[in-house]
Number of protein chains: 4
Amino acid sequence: MHFASDNSGPAHASVLEALAEANDGYAMGYGNDALSAEVRDKLRALFEAPEADVFLVPTGTAANSLALACLCEPYRSIFCAEHAHIHVDECNAPEFYTGGAKLWPVPHGDRMTPETLRAAIAASKANGIHGPVGGAVSITSVTEGGNVLSIDEIASLSAVAKEAGLPVHLDGARFANACVKLGCTPAEMSWKAGVDVAVFGGTKNGLLGAEAVIFFDPGLARGFAERRKRGGHLFSKHRMLAAQMKAYLEGDLWHELAKRANAACDMLRAGLEAQGVKIENDTHANMLFAHLPARLHDALHAEGAVYHTFDEEDGLIPGRFVCDWSTGQGAVDALLAALKRHM
Amino acid sequence: MHFASDNSGPAHASVLEALAEANDGYAMGYGNDALSAEVRDKLRALFEAPEADVFLVPTGTAANSLALACLCEPYRSIFCAEHAHIHVDECNAPEFYTGGAKLWPVPHGDRMTPETLRAAIAASKANGIHGPVGGAVSITSVTEGGNVLSIDEIASLSAVAKEAGLPVHLDGARFANACVKLGCTPAEMSWKAGVDVAVFGGTKNGLLGAEAVIFFDPGLARGFAERRKRGGHLFSKHRMLAAQMKAYLEGDLWHELAKRANAACDMLRAGLEAQGVKIENDTHANMLFAHLPARLHDALHAEGAVYHTFDEEDGLIPGRFVCDWSTGQGAVDALLAALKRHM
Amino acid sequence: MHFASDNSGPAHASVLEALAEANDGYAMGYGNDALSAEVRDKLRALFEAPEADVFLVPTGTAANSLALACLCEPYRSIFCAEHAHIHVDECNAPEFYTGGAKLWPVPHGDRMTPETLRAAIAASKANGIHGPVGGAVSITSVTEGGNVLSIDEIASLSAVAKEAGLPVHLDGARFANACVKLGCTPAEMSWKAGVDVAVFGGTKNGLLGAEAVIFFDPGLARGFAERRKRGGHLFSKHRMLAAQMKAYLEGDLWHELAKRANAACDMLRAGLEAQGVKIENDTHANMLFAHLPARLHDALHAEGAVYHTFDEEDGLIPGRFVCDWSTGQGAVDALLAALKRHM
Amino acid sequence: MHFASDNSGPAHASVLEALAEANDGYAMGYGNDALSAEVRDKLRALFEAPEADVFLVPTGTAANSLALACLCEPYRSIFCAEHAHIHVDECNAPEFYTGGAKLWPVPHGDRMTPETLRAAIAASKANGIHGPVGGAVSITSVTEGGNVLSIDEIASLSAVAKEAGLPVHLDGARFANACVKLGCTPAEMSWKAGVDVAVFGGTKNGLLGAEAVIFFDPGLARGFAERRKRGGHLFSKHRMLAAQMKAYLEGDLWHELAKRANAACDMLRAGLEAQGVKIENDTHANMLFAHLPARLHDALHAEGAVYHTFDEEDGLIPGRFVCDWSTGQGAVDALLAALKRHM
């Protein structure tokens, strides 16, 4: 009954096999090996973007922050949802990589709307040089609140950004889960919806630690290679990142693993709602916020369920349940049964 | 005949096995898992430093730069050898992580001496507030020129730093190879010789990508955890770093692998010198700079030898030959034989 | 009828006289002259803080940002009001000087309350290392909305900061106008109310460009001198800053000038309210936000009144009227008369 | 007998008069006033550069560092002479403003040559992505050693920079003194010799604190305005910078004042050499390095001479004698007479 985070789960076996295979013999370092080149090509193919510039890094924090550093000057702002992960949960990583740009939280909650984004962009221009004016817009397809933005929502936000001449970044966390939920391709969720730079996250979906940053306009990638190096994210044994990504792409493993995680979450939601539990997020990919009395959380934790809880709202306490690719029906059933016993 | 770099070689099989083992089931993220705690303890034991603060990161660039950021304010200087890797080969990573500290190259070449270091520290104080005055000293046990500092050399440099109240950082690259060469323990090469923060590098010696940063005075580690996070180096699936390090420590694998690399290099040196080749470095661990005419380099490269060459000096061209743990006698013999054929 | 800003007005004549006097002959640079030392002592006396560390810089942006850089690590947050000048109007200067700390806007509007500040501090701790947790609190005595915080308000906010172990910065803009309004001493408005670092602003109150940064605990000033130098704010001809500040302190000119500005604003408020104009700010020092229909703004501007307007709210447009020390009764009467003609 | 620095002297009387005149009545802040516009135009005219982008800032540190921040990405290098002021005497200001670029000291001493610069640029490219590669070249016309570069020297260095595609910055310190020495126009010493951005310094030559940054290619100035603001160098009472610069340009005061300073230095050199004193710098503008035994320095200091001394070289101690516009014949004669008495 482990629902703490999709980064608490194991890597898929084929990832370890790919590592072992890639480990054979010598290979030039720093991405100058054949496997890394092959994987970059496969990512271009997956995103239907033959001209894209593609980079691998080990963590999502690095991927998102490095991408934003290429998009936004230090004296500008990055617009994101008030609760965006890059704003509330990265210990100022985007500020660090951009050299001091401001994250401009757009109200309210986990989602910007075209209206609130447009208003924030306008406000950023009201003070002239004293601004700071906007530099980029960052969107997350599966929000910190567990909701999934529709393609239309992404496209509408991108359109507002484009009106203002701002490039659009798509956060890589749960990229695959969103694709599965929306039944769309990576291209449809990114450049076809106006995204300029997408992070294709793997760490939360069955890899050990590997993310791809895809610049659809290679011109925007200026300086990425240097920034990756000086950030300490240019792996010398680069084939080790490439091997993970190769396994992830092979037979669309990324899609299959996200499908499993989402399916577990579907079961969990149905079971919770059947017991009358209020779920906070309207939609979901692989993450639910379930409101329960403190008593029930205590009981579940006592039975060995692992997940995070948050501050009380209206007498109930939100619990966050995240499914990963390895969350089986067994874990879901066990949790639901435990809940039933204590209801 | 692959001598390009010790980061071009494979990881040791036991590292992949440890990864597979660690991959089983769930584990809390961000270093809050049992394996990570166990490995930190083992590192404290290896370094005979029960009070040390220990952190794992994926790359040497990150390890060294993060350590230096804890030691040196942005308005101060880091003294290092003119040819130090952190100065010439990291795309300004230390400048980035410190927020703009200056790397102060101490002449000449790949090694500081107590005299040149003392003079540089004095010079940094000559301009008062305009300085910048010194903040830290960084030492490398196997220099960029392939030489190995003796324990006495490290201790003498540390003593000069201490006189001036400056903390001492020991670069992690080829740490194990230096230990083997010097026949000393990690403690003897670090805190017993006056080092305040050591990086225990693994990536160049049989790991996929994992380094340990050891603060012997935990007070100096203030902010490291936050800086690691905002630098994007706090692995969520942290057990994957810990597993590598566990394998590295098990049965002193780190020592065994370095011994193999150094032994291959010993054979190579003996063979080259037997053919009259001039080796630039006086001492060596696992890296040689051999001076050959351009014609011979061409011949060797044509026969499939892989290694880097540098700018001509006195009619000869230095070639850098690096052995890693997997460099067998076969590769060394093949290279020597090829050279003989073309001499 | 010039009400655009208190930085649009002239310097007081005695400031120019002091400059001329200080200009005679040679003086050591960089603050090592007798006049600078004398002025630092006078500031300590004014603030009843004989141990304080005192620095002069030319602009408020520099004064506030440099002070915050000493208080807050780059991986932490600075709590301030949502509309705080340092957050919305400084083009990321605090982010720049701190090396990427986050400004954490505390709702709502131009004022924090102990409750909203306490909640923000708690929220910053909810995510552990991923935070960023708090590093400092910044308070402004005359808010961007023109309101004046009471001593009690400042003390209550400071108390919340202290509970959490956070140092408190007091923004220097309109410091003198707040003192006059509150009828208090600089000490009462700063360290006696829990402030750790105060900026004593002069540029908006009759100087050319000079501000003093007062660290009541000299331990907090560590690095200020170096940061001022590397920020380019260590004037070589430092007596030119000191001379301005000397004139400002002489005979409490700072107090007299702020009294004049506030008095003009009192007259303006009374006159506007007599004509039924709604003033947005409850209290005021030398700045009013008056809501008028667009038609009246046009008429006033056409008659030569100079002031800023903002976005429409409920059918009316806020106009900002700022009085400085040189705003005479004539200008106020002229504005009120013009308004009357067009009402 | 005050020869400590040209920033220890007074401002010229006409500068104070211009300040008083500019101080009359209201003026829009932040450079949006008529006087500031007028002065920018006059600077364009002086530099024969009608398209140039021109900015005023209060200090040389700010002027040079902000200019370099526009030219050089944080992951690149700035080539400068080993003893360049920006490298050894600014407490890492260029590193701060660029966000961590490296200052690459080009041997030897106070002057780069086309050969040493070319070699440094080549070396910066040898390590590929790990570099850092070059971003800009910074030249000083009057070196830290007191020598004056000829127009040919500046042009030759610029040509090497241009070959490598690097923009050229000309440090603003003693710009006027160099022009006078070389008998050339500001245009001849800057853009006509290949300089892309020149700082026209005034603080060391009779102003209180004002420098102009001239971008001959306005495209290179991208971001300067924002960087100046976030650095705290956008004066709100901007006319106070403009007034100084206006006085400086009026009747070519800048040229007249530099002529006086250089003339005093000519007298001093002649007098010292007549007494057999060895002067270190081959050429000079307004600064000499005179080698004297410790005994004589003590005697001069005891008689009230003020100047800096440096570390002993070959039994003698270099003393630095700087003349400013206000150094009269009296001071020079007094120094020479005192020396004679003690010889």
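Select Cys323(D): leaving out residues up to four places away in sequence, Cys323(D) touches Phe3(D), Asp6(D), Ala261(D), Ala264(D), Cys265(D), Leu268(D) and Asn286(D). The model on display is a predicted one. In chain D, Cys323(D) sits in the loop that runs between strand E11 (317-322) and helix H14 (329-342). Cys323(D) has a relative accessible area of 0% and is therefore buried. Met1(D) and Cys323(D) are separated by 322 residues in sequence, whereas their C-alpha atoms are 9.9 Å apart in space.

Remain in chain D and go to helix H12. Both Arg269(D) and Glu273(D) belong to helix H12 (residues 253-274), at a spacing of 4 residues, or about one turn of the helix. Their side chains form a salt bridge, with N to O at 3.1 Å. Which of the two partners is buried, and which is partly exposed? Arg269(D) has a relative accessible area of 11% and so counts as buried, since the cut-off is under 20%. Glu273(D), at 41% relative accessibility, is partly exposed.

The next stop in chain D is His233(D), in the loop between helix H10 (224-230) and helix H11 (239-249). With a relative accessibility of 0%, His233(D) is buried. Display chain C as well, and show the surroundings of His233(D). Neighbours within four places in sequence aside, the contacts of His233(D) in chain C are Gly231(C), Gly232(C) and His233(C). From chain D, the contacts of His233(D) include Leu56(D), Val57(D), Pro58(D), Thr59(D), Ala62(D) and Leu66(D), together with Tyr97(D) and Arg228(D).

Lys229(C) and Glu90(D) are both buried.

Now turn to chains A and B, and select Lys229(A) with Glu90(B). A salt bridge joins their side chains, at 3.2 Å from N to O. Glu90(B) is in the loop between helix H4 (85-88) and helix H5 (93-98) of chain B, while Lys229(A) is in helix H10 (residues 224-230) of chain A, so this pair links two chains. Glu90(B) is buried at 3% relative accessibility, and Lys229(A) is buried at 2%.

In chain A, select Glu38(A), Lys42(A) and Lys246(A), which are connected in a network of salt bridges. Over all chains, the structure contains 68 salt bridges.

The last stop is a pair of helices in chain B. Select helix H13 (residues 294-302) and helix H14 (residues 329-342) of chain B, whose axes come within 10 Å and cross at roughly 130°. Colouring the contact between H13(B) and H14(B) by residue class gives 6 nonpolar, 1 polar and 1 charged residues.

Technical notes: Residues are numbered from 1 along each chain as its sequence is written. Chains are lettered from A and ligands numbered from 1 in the order in which they are written. This is a predicted model: local features need pLDDT of at least 70, side-chain atom pairs count only at pLDDT 80 or more; totals for chains, interfaces and linings use all residues. Side-chain values use heavy atoms; hydrogens and water are left out. Buried means under 20% relative accessible area, exposed over 50%, partly exposed in between (1.4 Å probe, protein chains only). Contact means heavy atoms within 4.5 Å. A salt bridge is a side-chain nitrogen of Lys or Arg within 4 Å of a carboxyl oxygen of Asp or Glu. Axes are lines fitted to C-alpha atoms, for helices over the stretch in contact, and angles run from 0 to 180 degrees between N-to-C directions. Ala, Val, Leu, Ile, Met, Phe, Trp, Tyr, Cys and Pro count as nonpolar, Asp, Glu, Lys and Arg as charged, and the others, Gly among them, as polar.
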